[in-house]
Amino acid sequence: MSRLKLPAPLAALRARMRRHFGAHRTQGVIFAILVIGIALPLLSRVPPFGQLQSINAWTNAFTIAAIYAILAIGLNVVIGFAGLLDLGYAAFFALGGYTYAIVASPFFGIHIPFWPMLIFGAIIGAIFGILLGAPTLRLRGDYLAIVTLGFGEIVPITLLNADKFTAGTIGIGGIDKPQIPGIVEFTLINPWPFYVLIMLMLMLVTVAVFRLEDSKIGRAWEAIREDELAAESSGINTVISKLQAFAVGAAIAGFAGVFNAAKLTIVSPGQFGFVVSVSTLSAVVLGGMGNVVGVGAGAFVIYLIQSIFLKQLNILVSQLGIPILGDIDFLQFQYVLYGVVLVIMMLKRPQGIYPARRRMRTFADSKETAK
Amino acid sequence: MAAGTVSTVRTEKPRSALALPVIILAFLAAMFVWMGFTQFLNALTLGAVYALVALGYTMVYGIIELINFAHGDVFMVATFVTMFVSGTILNQKEGIYGIPQLILSLVIVFAVTISIMAIIGAVIERFAYRPLRRAPKLAPLITAIGVSFILQNIIQYLVGPYTYNVPQLFPVDWAVMVGETRVPFLNIFVITVAVSLMALLQLFISRTRTGKAMRTTSMDRDASSLMGVNIDRTIMITFLIGSGLAGAAGVIHGLYYGNTNFQVGFQSGLKAFTAAVLGGIGNTAGAALGGFIIAFVEVGAVVLGFSRWGGAVVFSLLVIFLVFRPTGLLGSHTGDRA
């Protein structure tokens, strides 16, 4: 980027923007997401992207990718900032979704509006995060991993078995869509209101997480991640601090869960399996743990590869008529892809494709530090 | 890792040598009376599977302090290997199928599955974990999750998401009558094999040079390296043995339950890990004990009519133990850092 030669006025503009957004990161984030939010739909009209699928399908894909980006940013708070491995992250996503589904669907006949529930879903997520975290965050990190793995397993099982409240396997359908009377109507056919809403949510979450990272809490997380013993002896209450990270991560998942339920208009236990936790984790690992922008981009990359690239690969291969390759369903490789991303990234580039400056220190081993 | 001596020294709790066997016997008797013979036998067999898988978790954790998430999936792959090997054997079957043929085919199934799984385990260690031995702890954990996911989905890709029948090598109708209850030979065989394998493992760890190397490596890797222990080789042997035991567990699962699918490793893995924690992680005798306890808890839940909640009960047990007694029942050598 920096070596690119720009005409003088543009270079001056870039320098000015850099200075400005360097000092005002919140404005920078808002500006960047606005630009991306406008650029993505425009880009999807341009060949070759425009020919792959309709603009509405693209918009839907971007909406879901943005949900994953929010999840990845939330998981990044837990893994990247505080260094706690949470393998049951999908459970909080599920809890947010079910919370909204129960109070805003014909299932119980209750219809509470979407907007307050967006906040309430986040609160429910945080409460469960604290309930799970309070007893287990005193443990070592690897025990936490297995407990969260179990939690991620138990929540869908409970949702499946408590059919009086959750309708079991079928799930709760006909969930209310958000409403802004007189201004815009959210429908299943028109993807744009959801797209705008999720971009605003992404903006909100990103700004909040950036501000948290720079706050006293964020610095405490970083200290714990780098050296828990040293952090504790410097007067940081490590348990409270980890609990905060866990609660913030869970709240973000609950927040995204409410939107997800409203967007899909149905929640069922099958949507929230271990796969969701792992795909979010691979987005975080791909983008670089601790790097907010990186993990958001990682989520977009992972989601777009699995939902568009692999599908196109199938079509392409069958059109070319290569005998053996034509029989392979590349879509089935998406799950293997997550595993491969996790292993290869950890072995070859643990700091992520585009590492955060702070994070580099953690993964730089003695050899690299010596340089 | 270790043998009883290590954990007793570390926990420094003088305990009568007889106390534990007596407690176990009393527990077994109570369970026997409560759940009846059939369920009791069922629990013992399930316990054998969990115990064998738990041993792999606990050995690896004991030596490199890594929760090997891929271990449950190694077990899952083993059930499929069993399926193919016993299918092949049954296809070759000609004429009568007597006891010598049965013994021969059982030996073949066990030998082939155990060797394949041992090799897979060692390969995973070599390529996925060894390069990260000095990396921060998060890195190998995430790699392990990745390996687990790759194994699961390669199998799903190869065989599809269906539940398969494992061909029955062992005649299911062979049984002896004890009074009025029917005791299938299959159960007796399975439990005997599992218990002998565990006994062999204990002997190996406590009596051989390699076993001693494993114990010292788990206590202090650098010091044992200075004493001439080949660390890489010792860790690889640990993976070979642990995965081999998971292979044996896979054969037993195939023989006894007669079916498998690509997800069987995830749930069993979680339960086996709980067993390892219950017994005291790093403690092989504890893992075996924990495996049987978990099986009794699960079968007990079925007896009480909560079969759908068996997983939730086991998981709650895991959280309770981690919070209140992270060193497990028999004490673990790493528990103090929990």
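## Helices H10 and H12 of chain A

In this predicted model, Ile217(A), Ala220(A), Trp221(A) and Ile224(A) of H10(A) meet Thr238(A), Ser241(A), Lys242(A), Gln244(A) and Ala245(A) of H12(A). Two residues are in contact if their C-beta atoms, placed from the backbone, lie within 7 Å. By class, the residues of this contact divide into 5 nonpolar, 3 polar and 1 charged. Here Ala, Val, Leu, Ile, Met, Phe, Trp, Tyr, Cys and Pro count as nonpolar, Asp, Glu, Lys and Arg as charged, and the others, Gly among them, as polar.

H10 covers residues 216–226 of chain A and H12 covers residues 238–264 of chain A; they pack at an angle of about 110°, with axes 10 Å apart. That makes H10(A) roughly perpendicular to H12(A). Angles of 65 to 115 degrees count as roughly perpendicular, under 35 as roughly parallel, over 145 as roughly antiparallel and the rest as oblique. Axes are lines fitted to C-alpha atoms, for helices over the stretch in contact, and angles run from 0 to 180 degrees between N-to-C directions. The crossing of H10(A) and H12(A) is left-handed, a term for a near helix turned anticlockwise from the far one by less than a right angle, with right-handed used if it is clockwise.

## Numbering and confidence

Residues are numbered from 1 along each chain as its sequence is written, while chains are lettered from A and ligands numbered from 1 in the order in which they are written. As this is a predicted model, local features need pLDDT of at least 70 and side-chain atom pairs count only at pLDDT 80 or more, whereas totals for chains, interfaces and linings use all residues.

## Chain A as a whole

Chain A has 17 helices and 6 strands. Helices (H or I, at least four residues) and strands (E, at least two) are DSSP runs, numbered from the N terminus. The radius of gyration of chain A is 21 Å, close to the 21 Å that the globule rule gives for 371 residues, so the chain is as compact as a globular protein of that length. This radius is taken over C-alpha atoms, and the rule is 2.2 Å times the number of residues to the power 0.38.

Along the principal axes, the C-alpha atoms of chain A fill a box of roughly 60 × 55 × 55 Å. Of the 371 residues in chain A, 47% are buried. A residue is buried if 20 or more other C-beta atoms lie within 10 Å of its own, exposed if 12 or fewer, and partly exposed in between, with C-beta atoms placed from the backbone. Among contacts in chain A with a separation of 6 or more, 77% join residues 24 or more positions apart.

## Where the chains touch

The contact takes 37 residues from chain A and 35 residues from chain B. On the side of chain A that touches chain B, at least two residues each come from H6 (114–136), H7 (141–161), H13 (274–287), H15 (334–348) and H16 (357–363) of chain A. H7(A) gives the most to that side, with 13 residues. The residues of the side of chain A divide into 24 nonpolar, 9 polar and 4 charged.

## Chain B as a whole

Chain B comes to 12 helices and 4 strands. A compact globule of 338 residues would have a radius of gyration near 20 Å, and the 20 Å of chain B agrees. Its C-alpha atoms fill a box of roughly 60 × 45 × 40 Å along the principal axes. Buried residues make up 49% of the 338 residues in chain B.

## Helix pairs in chain B

H2 (residues 19–64) and H11 (residues 284–303) of chain B have axes that come within 6 Å and cross at roughly 140°. That makes H2(B) oblique to H11(B). H2(B) passes H11(B) in a right-handed crossing. Their contact divides into 17 nonpolar, 8 polar and 1 charged residues.

The axes of H10 (residues 264–279) and H12 (residues 310–324) of chain B come within 10 Å and cross at roughly 35°. H10(B) passes H12(B) in a left-handed crossing. Residues making this contact include Val277(B) and Leu278(B) of H10(B), and Phe321(B) and Leu322(B) of H12(B).

## Two buried residues of chain B

Leu186(B) lies in helix H6 (residues 185–207) of chain B. Leu186(B) is buried, with 21 other C-beta atoms within 10 Å. Leaving aside neighbours within four places in sequence, Leu186(B) is in contact with Phe170(B), Val172(B), Leu255(B) and Tyr256(B).

Thr238(B) lies in helix H9 (residues 231–257) of chain B and counts as buried, with 26 C-beta neighbours inside 10 Å. Not counting residues up to four places away in sequence, Thr238(B) touches Met59(B), Val60(B), Ile63(B) and Met214(B).
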